[in-house]
Amino acid sequence: MILKLAILGSGGIAVQHLESLKKITNYKIKYICDINLKKASKLSKQIPESKAIDNFDFILKDKEIDIVDICLPPYMHFSTALKFLKSGKHVICEKPLSTSVKEAKELVDCSNKNKVNLYPVFQYRYGKNIKTLKYLINENITGIPIKASSEVHWKRDKKYYNVSWRGTWKGEGGGVILIHAIHSHDILSFILGDIESVSANLATLVNDIETEDSASIIMSAKNGALISSSITLGAATNTSRFKFIFKNITAESGNNPYNPGEGDWTYIARDNSKQNELDKLIKDYQKNIFSNQDGFTNFFTEIIKHLEGKKSEIIEANEGLKSIELVAAIYKAARSEKKVFLPINKNSLIYDHWYPNQN
């Protein structure tokens, strides 16, 4: 299968996507589109057969395009995805899918109605150790989940926010829980299952921006596991870290900020006599399963498998909706100073929008 694709946007995330797409022969990149035609042209030079354009409507009308890859500022995700889903094209959408639960649900419904696929980008799921931990869970090695923690401690300063839409409700639609920690929160639910309840404290402590840049969050999963999430943009360096405690093993990541599923993790058996057996199981699994592909490359490869009707580890649109529901629950919990349960009720104001001055 050859998919003709258009990349919408030419910023940093588009560059990362392009690097991975170039490794997969199933994609033919026809357009790179950006209102800044100069930037689009620069990126397009990497793909001689592609064309740089500055008008989305041109792509909407091109019946040859099978799929679009949305790498735009957050405030453009919902409206752009909706247009292309309605036009009958598959859509890959960077996080976040939208800036409200209502909008995310509309995208999922539109995808189903038009019989096209909406693929939310959660590349952390394809990290070597995330897949390893999922394997251990599926093989009943870990035992029941007990506790997990996530740290997203990054450094973002005035220079980072020297972009008009960053740090604003209108431009980004949210702060650290929507823009910076959404991938880590996705991993927590991917490993432990659906989140049932949330309590949270949010604050703007580091930068002179509208949205929050620090958070302390407590969650519980439906299976009873307890979860803590610590987030700040005021760290001296960029680090991300996971720790998962199960009945039989404890798994802990390194500090890789943007690919926490990679690198060397520690897996410790609670029963010391089973450590060698655990080590061998993990070594054999990783040796037989993994190549050196990055998360984005694996993500785009799974899309091809899915569209070819093959067995795949695709991320379904509903997973993107769940990530947005969790964001809404965190905002509601922080503002109400009460525990909030998921899923979010459609009659709740936070379902429609979580901008400030709402309950």
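My notes on the sheet and its strands follow.

Ground rules first: this is a predicted model, where local features need pLDDT of at least 70, side-chain atom pairs count only at pLDDT 80 or more, and totals for chains, interfaces and linings use all residues. Residues are numbered from 1 along each chain as its sequence is written, and side-chain values use heavy atoms, with hydrogens and water left out.

I found an open sheet of 6 strands in the order 3-2-1-4-5-6, with parallel pairing. Strands are DSSP runs (E, at least two residues) and helices likewise (H or I, at least four), numbered from the N terminus; two strands pair if DSSP finds at least two bridges between them. Strand 3 (51-53) and strand 6 each have a single partner strand, so one side of each lacks a neighbour in the sheet.

Entry 2, strand 5. I checked its partners next. Strand 4 (residues 67-70) pairs with strand 5 in the parallel sense over 4 bridges; Ile 67 is bridged to His 90 and Val 68 to Val 91. Strand 5 and strand 6 (residues 118-120) are also parallel, over 3 bridges, and Ile 92 has Tyr 119 as bridge partner.

Are the faces of strand 5 (residues 90-93) covered or open? Both are covered: His 90 and Ile 92 on one side, Val 91 and Cys 93 on the other, are all buried (under 20% relative accessible area, 1.4 Å probe, protein chains only).

Notes:
Buried < 20%, exposed > 50% of the residue type's maximum accessible area, 1.4 Å probe, protein only.
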